[in-house]
Every structure is written in structure tokens, then in C-alpha cells.
Amino acid sequence: MSALAASVGTPSTAGAPLIVGLVALPMAAALAAVLLRRRAASAAVLLSAPILVGLAFAAAAMVLSTGSPIECVLGAWKPPLGIVLRADGLGTAMMVVTATIASAVALFAAATERRGAAMRGTAPGSSLNDAGATPGPADPPPGDHSGGPAEAGGEADGGGERQPDAAPERASATFWVLLASVWGALNLTFIANDLFTLFVALELLTFAAVPLVCLAGTPPALRAALRYLLLAMAGSMLYLLGVALVYGSLGALDLSLIAELIAPGTDSAPRGVLLLALVLATTGMLVKTALVPLHAWLPPAHAGAPPQASALLSALVVKGSWFVILRLWLTLGEVPGGRTVAFALAALGAVAILFGSATALRQRSLKLLVAWSTVAQIGYLFVAFPALVAAAAPTLATEALRGGMLQAISHAFAKAAMFLAAGLLVERAGRDRIDALGGAFRRMPIIFAAFAIGGLSLMGLPPSGGFWAKWLLLQATIGVGAWWLALTILAGGVLAGAYLLRVLRACGAEAPADLGADRAVVAAPAAAIAPDRLRTAIVLGLALVSMFLGFAAMVPAERCGVRRLLRSEPITQLDRPIEVLPPPSTPHGAAEAAP
Amino acid sequence: MIPALERAVELAIGAMLVGLALWSVLVRPRFASIVGFVVFGLLLMLAWMRLGAPDVAMTEGAIGSGLAGFLLLSAAARLRCSEIRRARIGAGEPQRARDRSPRRSSIVALGVGCAAVAAALAAAVAALPHPAPSLAPAALERLPELGIGNPVSGVLIGFRALDTLVEKIVLVVALVGVWGLAAEASWRRAPSVDPSPEIEPIRFLARALPPVGIVLAIYLLWRGATEPGGAFPAGAILAAMAVLVLAAGLGRLPPTAARSLRLAICAGPLVFLGVGGLGMGVARGFLDYPAGFEVLSIKLIEVLLTGSVAVVLLLLVAGPPEEAASANGMRRPEPPL
């Protein structure tokens, strides 16, 4: 602790166990979930969830109180040879968000499984203590035992002491491994300070996210997953080419070291190569982030995925690769030509906002509508990039960074709530059609409210987190003189209002002939109607957080809480060139009068 | 060798690599394309050897040519089988399948994009500083601290151990994803490797090669501390031997639910993670090895990792477990030639 007190301002290593735990624990949980039996596997992940939430909040509190990032040198090998994990304000904020949403999704999934077990006729009590051995009356006879080679060695090894459960066993066993892997991969993405470690983390993220898409196992879901896999692999390859070019020109992979090597005044670095590397790596990550026109994989991926998988994908997984782009641009964004590329990114973001919203407006399926809304909201994450690299205006860059982060975080909460809510609405309606939602307002008022509250954040209405994000983004875009971007942000809000209103009006309508409801009743007599308090509470909680974030962001605007949470090395890296350089003659930067 | 001759050989390898890459992309018959890809991998091995990277060459040979080639061949055989079946069912189905193949415009766009990236890369590589900045001297300098002599192993298991650890977890997660593709009724069953159509020569090879392969793998693992080699190439060779035995129908895999199988899959990464965590208490930090026990810890991790890599690669090649019926059903009508 004395070491901590002595090193205020410089990176502290006192919190190293915290951030190692944040990476190692979910990975250990994933491996344990592979090893353990089904109920023990979900228990391993569910038990590690509160620990991870605690670690994430502790790390965030430490960064916030000391004002300096936590560093952990791995194996006593410092960069350039070794790797340093570095949890700054940006990383810890994202880890807190990940921990909260992933735990909520885990609880939701556990509740869904319990209900599923109850519906199949197993008593919910017995499903808790790993005694699901009694197959319910509805269970299909286990596959043919007539002569398959499979049964040869399985009985002794634990495969056979329990009859294969009904349908969801494969999906469930896979899901818990994937959830823990996504969690660990995201945490590593948020605190990796090394280009290659970021690559490895993104690989883990992709390989955990792709099977999430095809958990349902239907042919369309498999096709969507294959498309996602192929595009994501192409993206990985482009990113790796970029990394190779950076290493080839600088001989370093550590981001802080790279920032030092290319600081103004050092003219050894081949800037053209670095620009190409930045463009290649960014393009690769854009594929995984699904920015228009590389979004083709995202809507079909959500259409067939279970709600908890959709929530993870839309709220968190696409933010992982976006965060890598952010890190890249905070480090390399000021290479000559970077501004032009940043404007191109912002233009793509603007197209995404308009195109995604307009397409969402035309959807007939609820899940697809929410998925296309994700395509639109991803656009917002990029509109502030020109301001981010406006070296002449550090306050503008800070606004852009805060706006982008707040957009990522509030969209994560809002979209997690909306996908889970959509899942519950669709489950009850019996089919994924917006015009089949009639009566949902009366039958599920709280879920309806949660969906609407999440929608407020997407529209950018005060006091939601989305409002403050869009407000900051507006300021950042106007600051660089890009009025067309500001107008797009406003138009996107109106379009979001339009497509959400469609859903809300459909929910408010009277149930049309109760076709869907009838089918649901036939499929699940008692359990489907039974109160579903836990899942309802989770969805509502997530939606309320997306709303409450607005207040959280409002206070720090004066008291500097979020500013301080976000302020850390990346911004000082942004600041540094300004001290060295005389204000360059960029017309946009001059327009911003720094208060 | 005479420098001019060396240069000529390098140019020839480079030209053939480009030619083979184009061949395997452009040629229409699937089998020819796959053969092109396998030969491409073998030539790439030569290229890596010329670049002085025998570790990469070995992995490229085992994974890029060997296992990936086998996987592609069995995929091609299955595609052919399903095409034949579809042709028997009726003419309507192939029509729909053709509709799903990529449009000419997107193929052209993809080609232009690839050409642009290749041209930009060529320009960038020419602009890179010469001699290239490198961390190799730094790695060599600190290698004695790990007690091993092979700088590649030093980077993989020492300086950048975190990357290696996460990559191994990626392998396990990929396997879970592949198993997730199984049908609900069969996902706990045993996966199987497609039997080879030319069973007799494969049977011969499957009896003759594995003893050599196993000895080679152990040698690579053992010498990996000082010479090129190590856990991954050794694991890949073991996996290739096992694939050979299974393709000859001389063995069977246990079901995916088998506890011993899952233990073998997870043992390497788990022990790696455990030893790494231990470092926080008894060494200088996470993923550091306790002083005096560096070599022992590294050996322990490498041996277990070799086993896990071999099992995971083998199971990735075998794919998701399938219905017992399809194993002797019409799956492979004739050799793909």
C-alpha cells in the first residue's frame, strides 16, 4: 500500500492481482466448464461471476482513486520483449460494463434453463442438485443404442450414467463455455497493451462468438455462423498484416512504446507504412465490428440466435473489436493522412446510422429490427473519430472519447435489455413477428416498459445515457466543423424513434385473434404463464442502468468523475504531441476555442 | 552455395508460390484445387526454411499441408456425395444451390480488393527499414534466465507466454464450437474420422509410420528446449499419426462426453494457467516460473501442452460426432479423382 501511495501519477502495480484475476478467472471457468458435468459447469461460471464483478469494480475504484492505470508485467519480462497488461480508465470502465452485463446474461440463461427443465416435466427443485436423471415424460427416447460404436467406451466414463437430456443439453453445455470465454477474451482485450496480445484476445472472442450464433443448430443459424466465421477470419488476417507492418517498421508491439517511437520529432518511423498498417488493421477490426458496408453477417447472426447469445453479441462482442480500433487510433491516429481516414470512418458511420435505421424501419421480425438497430448504433461509435485525432484541440478529443465511450456503454446496456426483452416477448407471442405482438403491453407490462426504456437510450432522449453520448458526439462533430455528421446524429435519433414506435404500437394493440398466444398455450401449458420474476427483473434492471447512466454522466460533467474515469494514459498520449508541436494550421482545430 | 544460385532458388520458390496460390484459387475441380493448396503448403515450408525459421516450417507442414489438407479432402468428398444425392433426388435442389454461390460481381470485387492489398503490401514492404528492427538479440540475451536454449521456445513459453496460453484456450474453445455443431441426439457420442477410400495403402502407412512419428514427436518435444521444435510441432505430428490410424479404420475415438478425453483436452492449458498463477506467489509475477525450477516447469507445461494440442487437433479434424447411421451410409461414393 505504501508503494501505491508513493506512485500516484505513475502506473501502479499494486492492483496487478486484480487484473490478472480478471483475465485468468474467466478462462479457468471456461476450461472448468469443458471439464465438468452440465450443472457443475454452469455453477462454475455462475460462481465466478460475482467474483469477477467484484474484481472489475475494485480495479475501477483503484484507477479512479489513484488517477493512474494499473500495470502488470507478465513474468517479469518488460516490453519490448515481454508483455504488460495495463488497465486504464477506458479498460476498467469497459470491464465493469462487461462484468455487469455478462452476469445479468448468465443469470438470465440460468433462469431460462430452469424454466425449460420445468416445462419438460422435471421438477425445478431436482434440477438444482444435479439430479436431472429422471427423464420427464416428454423426453424423446434416447437415440438408437442398437449398434453405434459410440456406446463402446462411454458408459464407464460418465457419459452413460445419465440418459441424454431433452433438446437443450447440447446448447446449454456449449453456452456456458462460450460465455466464460467471451468474458475472458473481452477483459483481455480491454487491458492488453500489446498489438499481438490484442490479436490473440480477439481470436478467442471470435471463436467464442461464432458458436453462439449457431447454438440453435438450425440451417439458417449455421449459415449465418459460417458467414460470420469467414468474414471474421478475413478481418483477423487484415489485422495481422497491419501488426506485421508495425513490427517490421518499429520493432515494437507494445502500444506505449509505439506511441513513444512515433512521437513527433522522431523521424525514423516510415509514416506511410504505418498509415497502411493502421488502415489494414482498422479494416480488419471493422469487419468484426460490423460497420457498414461490412455488416452483412450481423443481422442474420442475430435472427436465429437465442436471446442471451444475441445480447452478448450485440452488447459486448462488437464493442471488443471497436475498442481495439479505438486503442489503435489513440496510438497511431496522428500519422500523416490519419485525418482523412478518420473522416472516411465517420462517413461510414453516418451511412450506417441512416441505412441501419431505415432498414430497421422495414423489418417484420422483432429480433431483426433490434439487430438492424445495432447496425445503426455502431455507426455512432465512429462519427467522432475526426475529433478524436484533432491533436490541436485536446478538449475536443476528450469530448469525442467520452462521447464514444458513453455511446458504447449505454448502447451495451440498452441493447442487452432490448434483446432479452425481445426474447421474452417473442417467447410469449410464439413467433418472431412484430404484428404478432398484440396484447403484449397488457400481458407483460414490465417487459414492455424495459424495452421502451432501452429504446429511449437508442433514440437519445434525456435523461438516458444515450442522450449524453449523442450530446457529446454532437459537440465533437460540430467542433471539427462536420455539420453533416451532426445532422446525421439528429436524423438517426428521429429514425430510431420511428422504428421503436412501430414496436411499441404493435405491443399496445389488442391481441389479434390471439393466434400466437394460443400456440404458446398449447406448447407450454402452465410454466409459460407462470410468473417469471427473475428474468423480468434482470431485463428491467439492465434497461434502468442504461437510463441511470445518463445521471451518472451528468454529475461528473461538473465533478469530473467520469472524466477522471476515462482520463488515463490514452489521453495523455493525445496531449503529448500538443506540448511538443506548435499548434498546427488545421482549420478545423482552430475553430474549437478550448475553454 | 553460390549466392547467384541461392537467389535463383529463392526466386523460383517465390514464383511457384504465387503460381500455386493462383492455381488453387482459380482452378475449377475441387480436388485439383486442394492438391494445389497442399503443395503450396509444402513449398511454403521450403520458403520458411530459406528464411531460417525451421519451427514455423515444421508447423506449416504439419498444420497447413497435413491436417488442413486432410480436412479439405474429406470435405470435398462429402460435398461430392451430397451433390450426387441431390442429383438423384431431383433437379430442383441443385438449382437452389447454384443461386447461393457468390455472384460474379462480388467475386470480381473480392479479386480487386485482394490485388489492391497485395500491391499496397508490396509497396510497404519495399519501404520498410533495412535492416529490420528486431527483438531477436534481446530475446537471445535474456534466454539464459529461462534455462533453455531455443529462442523460439523462449518467446513462446517465456517472454510471451500469455499469448501462447490464450492461443491454447482458443483451440479448446474452437473444439467446443465444433462439437456444438453436432445434432442434438449425437453430440455426446464418439466423433469419427472419415475412412479412407484406398484402405489398403493407408493401412500399411498407418502401421508403418506411427512408430516413427511418435519417436519424432518425442524427440522434437525433448530437443525443443535447445533446438527447433517444441510442443506445437510435436503435438501436430502426434495428431497426424492418430488421424492416419483412424482413417485406416484401425482405431476409434472415445465419445465426447468421456471424462478422460475432456481431461486430456484441458490438462495442458489448465496446468499452464495454474503454474502461471503460482508465479504470483512464488516468483516475480503471473506467468513467471519459480527460480531454480524454470526448466522443470517449462518441461511439465510443454509435455501436457503437447498432449492437449495433439488431442484437440485430432478432434478438430474428426469434427462433430455424427449419427451412427451415417458412418456406414453413403458418405464416400468413390475416390474424388
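Trainee: Where in chain A does A:Pro463 lie?
Mentor: Please bear in mind that this is a predicted model. A:Pro463 lies in the loop between helix H18 (445-459) and helix H19 (465-479) of chain A.

Trainee: Which residues does the cis peptide bond with omega of about 10° join?
Mentor: That cis bond joins A:Pro79 and A:Pro80. A:Pro80 is placed in the loop between strand E1 (70-73) and strand E2 (84-87) of chain A.

Trainee: What is the phi of A:Ala76, which is not a glycine?
Mentor: A:Ala76 has a positive phi of about 60°. The loop between E1 and E2 of chain A holds A:Ala76. A:Ala290, also a residue other than glycine, has a positive phi near 65°. A:Ala290 is found in the loop between helix H10 (271-289) and helix H11 (298-303) of chain A.

Trainee: How is the packing of two helices described, for instance at what angle do helix H14 and helix H16 of chain A pack?
Mentor: One considers the angle and the distance between the axes. Helix H14 (residues 366-383) and helix H16 (residues 394-429) of chain A pack at an angle of about 180°, and their axes are 10 Å apart. H14(A) is therefore roughly antiparallel to H16(A), since angles over 145 degrees count as such.

Trainee: Which residues of H14(A) and H16(A) meet?
Mentor: Among those in H14(A) are A:Leu366, A:Val370, A:Gln377 and A:Leu381, while those in H16(A) include A:Gln407, A:His411, A:Phe419 and A:Val426. By class, the residues of this contact are eleven nonpolar, six polar and two charged.

Trainee: Let us turn to chain B. How many helices and how many strands are there in chain B?
Mentor: Chain B has 13 helices and zero strands. Along the principal axes, its C-alpha atoms fill a box of roughly 70 × 55 × 40 Å.

Trainee: How is the size of an interface expressed?
Mentor: It is often given as the accessible area lost when the parts come together. Between chain B and chain A, the buried area is about 5,700 Å², and carbon and sulfur atoms give 73% of it. B:Leu135, B:Arg160 and B:Arg259 supply 12% of the area that chain B buries against chain A, more than any other three residues. The contact takes 57 residues from chain B and 67 residues from chain A.

Trainee: How many salt bridges does the rule find across the interface of chain B and chain A?
Mentor: The rule finds three salt bridges there. In one between the chains, B:Arg188 pairs with A:Glu169, and the closest N and O atoms are 3.3 Å apart. Between chain B and chain A there are also nine residue pairs in polar contact.

Trainee: Which element gives the most to the side of chain B that touches chain A?
Mentor: H8(B) gives the most, with eleven residues. By class, that side of chain B has 38 nonpolar, five polar and 14 charged residues.

Trainee: How many salt bridges are counted over all chains?
Mentor: The count over all chains comes to 19 salt bridges. One salt bridge is that of B:Arg50 with B:Glu6, whose closest N and O atoms are 3.3 Å apart. This pair links distant parts of the chain, 44 residues apart: B:Arg50 is in helix H2 (residues 30-50) and B:Glu6 is in helix H1 (residues 3-26) of chain B.

Terms used:
Residues are numbered from 1 along each chain as its sequence is written. Chains are lettered from A and ligands numbered from 1 in the order in which they are written. This is a predicted model: local features need pLDDT of at least 70, side-chain atom pairs count only at pLDDT 80 or more; totals for chains, interfaces and linings use all residues. Side-chain values use heavy atoms; hydrogens and water are left out. Contact means heavy atoms within 4.5 Å. Buried area is the accessible area (1.4 Å probe) that two parts lose on being put together, summed over both. A salt bridge is a side-chain nitrogen of Lys or Arg within 4 Å of a carboxyl oxygen of Asp or Glu. A polar contact is a pair of N or O atoms within 3.5 Å; within protein, one must be able to donate a hydrogen and the other to accept it, and residues adjacent in sequence count only if both atoms are side-chain atoms. Helices (H or I, at least four residues) and strands (E, at least two) are DSSP runs, numbered from the N terminus. Ala, Val, Leu, Ile, Met, Phe, Trp, Tyr, Cys and Pro count as nonpolar, Asp, Glu, Lys and Arg as charged, and the others, Gly among them, as polar. Axes are lines fitted to C-alpha atoms, for helices over the stretch in contact, and angles run from 0 to 180 degrees between N-to-C directions. Angles under 35 degrees count as roughly parallel, over 145 as roughly antiparallel, 65 to 115 as roughly perpendicular and the rest as oblique.
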